[in-house]
Amino acid sequence: MRGGPGLGNIQPSQSDYFQVTRSAGHGDYHPIVLAPATVQEAIDLTTLAFDLADKYRHVVIVVADGLIGQMMEPATLPPMRDPHLHPDAASWALTGAEGRTPNVVTSLCLGAETGERHNKEIQARLRVIREAEQRATEVFTEDAEVIVVGYGTAGRIAESAVHQAREAGLKVGLFRPIALWPFPERRLGALAGRARGFLAVEMNAGQMVDDVRLAVNGRAPVAFYGRLGGAVPMPEEIYDAITGVFEQVASLPVAGD
Amino acid sequence: MATTLTEEQTPPIDAMEVVYQRPEALTDVPTHYCPGCGHGIAHRMVGEVIDELGIRTQTIGVAPVGCAVFAYNYFNMDFIEAAHGRAPATATGIKRVFPDRIVFTYQGDGDLAAIGTAEIVHAAMRGEKITVVFINNAIYGMTGGQMAPTTLPGMKTTSSPSGRDVEATGQPARMSELLATLPGAAYIVRRSLHNVREIRKARKAILTAFKVQQAGLGLSMVELLSSCPTNWGMTPSDAMKWVEENMVPVYPLGDYKVVDAVRDL
Ligand SMILES: Cc1ncc(C[n+]2csc(CCOP(=O)(O)OP(=O)(O)O)c2C)c(N)n1
Ligand code: SF4
């Protein structure tokens, strides 16, 4: 993702969160979206992306912000694998109809009835994916009063800010979604029962923050800090935003009081 | 003149020899094509050629968007439906995963010469070892007869009701001539479906095009001038005459690119 809109620039951005997580084209669906925060993760998630695409016969997008794309850091390549068909692929793959009736791959459903049936099948598959493929990592969330939520480069920078805040004695944690769809709402929802406030950090005007609010579902205030148009936040800016959230929640009653 | 055999002249069934039947490469399904449409002829010939080469179970077809969108119902082999114009990109993926299979696209002129121009040009530039059957009926058939890049100058369509104005919309796109300039193309020819003689020539070209792929020589394409009586507002026989009298002068039949190795096939 680069700064936009239009030609924009080639600075890192996260401005396409809505575009990639809501659908990858026309139609009523979500792609699976994976967001690396390091070069190593970019490698590992790309491998995973192919496996998930095969497993679910579904679009998978690895969405990296421009910083990941332009960065060098040490990484270990996974062992090379021979390309192979997924075990389930035999029933639908186009390999030549030797010894079987022909396979046809099409998404054309001209009638409304067949179209609706097809869409219901897709929705059933999305429910399975939503259950099985939520992914995130966490730092210091167990006793955190305030939880910073950020993915990709913003999540990585937020982690530095969280460490600074811990050193200053603030009980703050980091929740970094790795899957943007399905959004790790189950775990975030559980944390919302304990934490007193959330801070979404993004390199955009506030997109993932909507998903954070849906997962938190009104149980705690959700603040937002973002930089736009290719600007990357410094840890100090996020640190200040964290202290702002602590001030905001200080006046709120503690859950269970 | 048609002759009818009397009952005495008709040989018993078991003494009769089958001289014409549906190719195995086609399914036993009535097509949805209009009477007099060239798509039916082209399907039949592709099916015959695939049978002749004995490659039905090794072949994967790519259907276009256009009237031939349901080609996968009529061909008895593995098939995939591509997005409008993207058949060469889809075929590229399949062929690269299975280089030993035969992969062909079947595309109309709205598909190949309009929205899909980039895909066919780059497939030819890359020298993809695929075969393209290109049906040029000078119009968007499926959507109701709108002007295509291939529409003849002055030709009336639903979106050029006063006739195609070349000042505003340019001259007809000659895709065979264009693709023949690209090094990755091995066999690029134009044939027509307007009479039996031309249909036989077309069949031979389709056979060669598949052989070019088997030999791995590069991209092969047969452009077929074809009729759309429905959207041209003509009877089937007038439409065939119209192809001969109006389309052939704008789209000269012939071989536009035949690399030397093709002559040894
Ligand atoms: C992306 C996209 N754009 C537009 C269409 C609408 N569309 C359907 S068929 C067609 C033109 C087909 O014309 P042609 O390729 O000449 O085939 P014919 O129907 O004449 O055989 C168009 C524009 C579509 N289905 N998808
Ligand atoms: S509309 Fe034209 S191209 Fe389409 S099936 Fe009818 S005659 Fe053929």
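In this report Ala, Val, Leu, Ile, Met, Phe, Trp, Tyr, Cys and Pro count as nonpolar, Asp, Glu, Lys and Arg as charged, and the others, Gly among them, as polar. The model is a predicted one, in which local features need pLDDT of at least 70 and side-chain atom pairs count only at pLDDT 80 or more, whereas totals for chains, interfaces and linings use all residues. Residues are numbered from 1 along each chain as its sequence is written, chains are lettered from A and ligands numbered from 1 in the order in which they are written, and side-chain values use heavy atoms, with hydrogens and water left out.

## The shell around ligand 2

A residue belongs to this shell if one of its heavy atoms lies within 4 Å of the ligand. The shell around ligand 2 consists of Tyr33(B), Cys34(B), Cys37(B), His39(B), Cys67(B), Asn137(B), Cys228(B), Pro229(B), Thr230(B) and Asn231(B). By class, six of these residues are nonpolar, four are polar and none is charged.

Helices (H or I, at least four residues) and strands (E, at least two) are taken as DSSP runs, numbered from the N terminus. On this basis helix α9 (residues 229-232) of chain B gives the most to the shell around ligand 2, with three residues. Cys34(B), one of the shell residues, is partly exposed, with a relative accessible area of 35%; here buried means under 20% relative accessible area, exposed over 50%, and partly exposed in between, with a 1.4 Å probe and protein chains only.

## Cysteines

With a disulfide taken as a pair of cysteine sulfur atoms within 2.5 Å, a search of the whole structure finds zero disulfides over all chains. Cys109(A) is accordingly in no disulfide, and the nearest cysteine sulfur, that of Cys67(B), is 19 Å away. Cys109(A) is also partly exposed, at a relative accessible area of 28%.

## Strand β8 of chain B

Strand β8 (residues 219-225) of chain B is mostly covered, with seven of its seven residues buried. In a regular strand the side chains alternate between the two faces of the sheet. In β8(B), Leu219(B), Met221(B), Glu223(B) and Leu225(B) point one way, while Ser220(B), Val222(B) and Leu224(B) point the other way, and all are buried.

Strands are said to pair if DSSP finds at least two bridges between them. Strand β4 (residues 131-136) of chain B runs parallel to β8(B) and is joined to it by six bridges, with Phe134(B) opposite Glu223(B). Strand β7 (residues 185-192) of chain B is likewise parallel to β8(B), over seven bridges, and Tyr187(B) has Ser220(B) as its bridge partner there. The chain passes from β7(B) through helix α8 (residues 196-214) of chain B to β8(B) in a right-handed β-α-β crossover, right-handed meaning that, with the strands pointing away from the viewer, the path from the first strand over the helix to the second runs clockwise.

Chain A has eight helices and nine strands, and 43% of its 257 residues count as buried. Its C-alpha atoms fill a box of roughly 70 × 45 × 35 Å along the principal axes. Five strands form an open sheet in the order β4-β6-β5-β8-β9 (chain A), with mixed pairing. Its edge strands are β4 (136-139) and β9 of chain A, each of which pairs on one side only. Neighbouring strands of this sheet are turned by 20 degrees against each other on average, direction ignored; the axes are lines fitted to C-alpha atoms, for helices over the stretch in contact, and angles run from 0 to 180 degrees between N-to-C directions.

Four bridges join β5(A) in parallel to strand β8 (residues 197-202) of chain A, where Val149(A) stands opposite Ala200(A) and Ile147(A) has Phe198(A) as its bridge partner. Four bridges also pair β5(A) in the parallel sense with strand β6 (residues 172-177) of chain A, and Val148(A) stands opposite Leu174(A) in β6(A). Together with helix α5 (residues 152-167) of chain A, β5(A) and β6(A) make a right-handed β-α-β unit.

## A loop residue

Ala220(A) lies in the loop between α7 (208-216) and β9 (222-226) of chain A, and is buried at a relative accessible area of 11%. Although 22 residues separate Ala220(A) from Phe198(A) in sequence, their C-alpha atoms are 7.1 Å apart in space.
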